[in-house]
Amino acid sequence: MAGSGTMSESSTHRVLRISQLDAFELDDALEQLVWSQFARCFQHFKPGLLTRVEPELKALLQLLVWRFTVYSGSATVGQTLLNIRYHNTLIAGQKYRSLSRKQKLWFALLTVGEKWLKERSHSLLIRHGTHLGLARQALALVSSVGKVASLLNFMLFLQSGTFPTLTERLLGVRPVFVRDQSAREINFHYMNRELLWHGFAEFLIFLLPLINVWKLKTRVSALFSVSDHLKSELAGRSECGICAEWPVMPHSIGCSHVFCYYCVKSHVTADVFFTCPKCGAEVTAVRPVDFQIEMAETQQT
């Protein structure tokens, strides 16, 4: 009994601010995932089939998720993944208290209902705009007051670390850990390794943009292809030195290799110091190549 009392008492410790915000991000990601999977079921139907009832369908799916998360376990999906649940602060005491049924219903109304009202109110006011001018102004006023109250509540949350949303503050529910969180001890060797790799990564990020990878690749290829010079010279007349395909409108840059006109022209335009990827020769002049003339000169010699 003493052990369970200690567990209950320690389970009401405050949750880190970043963990509470991460839970909201996970909940939003789940909501988008559920809706995308649901909408995919109707991708082969008539376009715009779900547009008219999209707010209602989203609210229905959110209520379905709420039924099996907050209503049954006093925790959202994001909180469950982060080992967090809601604690009822309206009941005095150090032990953990789950949400009451009334709090769960109000939670659904203030979260799911609010999202549905935001998405549906615009179409309702446009449809009955001539008769609901006063309602539109009242709704805009309520929305503005809600945004200001949410902003003030979030500033208080950054200071105190409790009640990240206005709904949680109004209902008196606070995220707590499900079980004790052991203190994290970081080894010196681990920190040293992380700092070393971090510095190395920053060095690479600074150095790599300064390296001409294309020219380096050309020099290495030319270095390892010296022994096969004759073979590469023959192959270089039947394929482009850049795309390795049959040269279209063959051109030369001054060496024995040929290139497609658009391949060599684009590379020379992008890099003034372009060199042949096969032999590393620098560009002297981009001129067309006539295989028939070259074959005639070869036969004469």
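## The RING-type stretch

Over residues 240–279 the chain is 25% helix and 5% strand, and the end C-alpha atoms lie 13 Å apart. Helices here are DSSP runs (H or I) of at least four residues, strands are E runs of at least two, and both are numbered from the N terminus. The model is predicted, so local features need pLDDT of at least 70 and side-chain atom pairs count only at pLDDT 80 or more, while totals for chains, interfaces and linings use all residues. Residues are numbered from 1 along each chain as its sequence is written, and side-chain values use heavy atoms, without hydrogens and water.

UniProt lists residues 240–279 as "domain: RING-type" in an unreviewed entry. Such annotations may be inferred rather than shown by experiment.

## Two nonpolar cores

A nonpolar core is a set of buried Ala, Val, Leu, Ile, Met, Phe, Trp, Tyr and Cys residues joined through side-chain atoms within 4.5 Å. Buried means under 20% relative accessible area, exposed means over 50%, and partly exposed is in between (1.4 Å probe, protein chains only). The largest core has nine residues, including Cys240, Cys255, Phe259 and Cys276. Phe259 touches Ile253, Val264 and Pro277, among others, leaving aside residues up to four places away in sequence. Contact means heavy atoms within 4.5 Å.

A second, separate core has eight residues, among them Val70, Tyr86, Ala108 and Val173. In soluble globular proteins, nonpolar side chains tend to be buried together.

## The largest pocket

A pocket is an open set of points on a 1 Å grid over the protein atoms alone, where a 1.4 Å probe fits, with protein on both sides within 12 Å along at least five of seven lines; lining residues have an atom within 4 Å of a point. The largest pocket is lined by 50 residues. Leu110, Thr111, Glu114, Lys115 and Lys118 lie nearest its centre. Helix H6 (101–127) is one of the helices that supply at least two lining residues. H6 gives the largest share, 14 residues.

## Two positive phi angles

Most residues other than glycine have a negative phi. Ser74 has a positive phi, near 55 degrees. Ser74 sits in the loop between helix H4 (70–73) and H5. Ser74 counts as buried because its relative accessibility is 3%.

Ala244 counts as partly exposed, at 46% relative accessibility.
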